[in-house]
Amino acid sequence: MNNRSRGTAYNNGAVPFSFSPAGFTSSLRSRLSDTMSDSPHAAGCRSAVSDDRNLPDTDLLTPLTIRGVTFRNRIVVSPMCQYCAANGMADDWHLVHLGSRAAGGAGLVFVEATAVAPEGRITPGDLGIWSDAHAEPLARIAAFVTRMGAVPGIQLAHAGRKASCRLPWEGGGQLALAAGGWNTLAPSAVPFAETDRPPTALDEAGIRAVIEHFKAAATRAVKAGFRVIELHAAHGYLMHEFLSPLSNRRTDRYGGSLENRTRIVLETAAALRAVVPPELPLFVRISATDWVEGGWDLPQSVALAKALKPLGVDLIDCSSGALVPSAKIPVGKGYQVPFADTIREQACIMTGAVGLITDAHQADEVVTSGSADLVFIAREMMREPYWALKAQQALNQEPSWPTQYGYAVKRRT
Ligand SMILES: Cc1cc2nc3c(=O)[nH]c(=O)nc-3n(C[C@H](O)[C@H](O)[C@H](O)COP(=O)(O)O)c2cc1C
């Protein structure tokens, strides 16, 4: 496996839950076993409407309210690492990058994977939020995104064994200790690429520390003005490494059974819900499948989503892959939408769809067909910061230009 293909993942392609360790295991066990016995339709959401007169008239441009937060449309700027932070600090690039997409009409604008601890950065250029100083420039971004009418969200992340990489435009791949790299953490001492330094397997104290980092990060993020918090449990990073039997070889209560492998994600989600105010949404991004036989898969994702919902998680953002370099992924237009659709239907929870959704009509169809509640757009938003305004135009709605532009651009007609 060469370093280039290892890269970084992105190179390749209403009641707050109060966590109770005593009650946790038995309630989790029952939730997971419920999942296994449910028929898909027992949990189905869409069949909740009795006739077509009651079908909600919902499309890509319909506002959505989750808890106390209203998104002006269903268009989300997906988290996208910019790899240009110094010591984890956001700067003018991040402000302009995210600010212009908020001015471009998106409903929700996510700050990229933001590390909850320095060793949780994918590269030395990742954003971080492990100190109050980090929250200051992020607060400026949250304020500007809000001023532009979008909701500011932030994705909280720990890269686990895929931390300590070179910048993608410097070839990706693991960064040597001598070149400024660091030792990585994981559920088990199993490296991502065979040639990588093996990660250190976290002990229980280490797991507790990681959860505390997430909790402290979320507290800072909320104080900084972010109104959606997303837990990054996808793309082969730390949380996903615990979920998948391919990277989790533990024999303690954090490894082995599905219940054990999901434990850290559920504990972290519960810890986040405890500090994220009840009026603010909590999302979890997952890789719905590893695309590898014997790995994490869609039925396990449905089980996880069912277990996350009663903890106060509002939406599952459905991505896939990036746990192992050998996965063969059938990448194509909207190829991950079926995951959002199945999880929404079977776990009866809101979902976000992402992955090669580039066109307004395609994105609209994702919502109108009931496959997902939100549509996350990544690379096409890089190509076109005004994607959401253009989508309004394509879907025959008057584009909601910022006032400073609107009076002028409308003159053309
Ligand atoms: C440059 C770049 C950076 C990315 N950074 C993140 C990230 O920080 N967190 C994350 O969950 N996904 C990240 N992704 C994945 C995207 O959010 C998205 O899931 C993926 O690109 C597929 O969507 P698209 O086809 O619209 O680009 C990144 C993707 C790209 C291209």
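## Terms and model

Two strands are taken to pair if DSSP finds at least two bridges between them. Helices (H or I, at least four residues) and strands (E, at least two) are DSSP runs, numbered from the N terminus. The model is predicted, so that local features need pLDDT of at least 70 and side-chain atom pairs count only at pLDDT 80 or more, while totals for chains, interfaces and linings use all residues. Residues are numbered from 1 along each chain as its sequence is written.

## The chain overall

The chain contains 13 helices and 13 strands. Of its 413 residues, 51% are buried, a residue being buried if 20 or more other C-beta atoms lie within 10 Å of its own, exposed if 12 or fewer, and partly exposed in between, with C-beta atoms placed from the backbone.

Strand S12 (residues 350–354) is largely enclosed by the rest of the structure, because five of its five residues are buried. Met350, Gly352 and Val354 point one way from S12, whereas Thr351 and Ala353 point the other way. In a regular strand the side chains alternate between the two faces of the sheet.

S12 runs parallel to strand S11 (residues 315–319), to which four bridges join it, and threonine 351 is the bridge partner of isoleucine 316. Between S11 and S12 the chain passes through helix H9 (residues 337–347) in a right-handed β-α-β crossover, right-handed meaning that, with the strands pointing away from the viewer, the path from the first strand over the helix to the second runs clockwise.

Three bridges join S12 to strand S13 (residues 374–377), also in parallel, and valine 354 has phenylalanine 376 as its bridge partner in S13. S12, helix H10 (residues 360–368) and S13 form a right-handed β-α-β unit.
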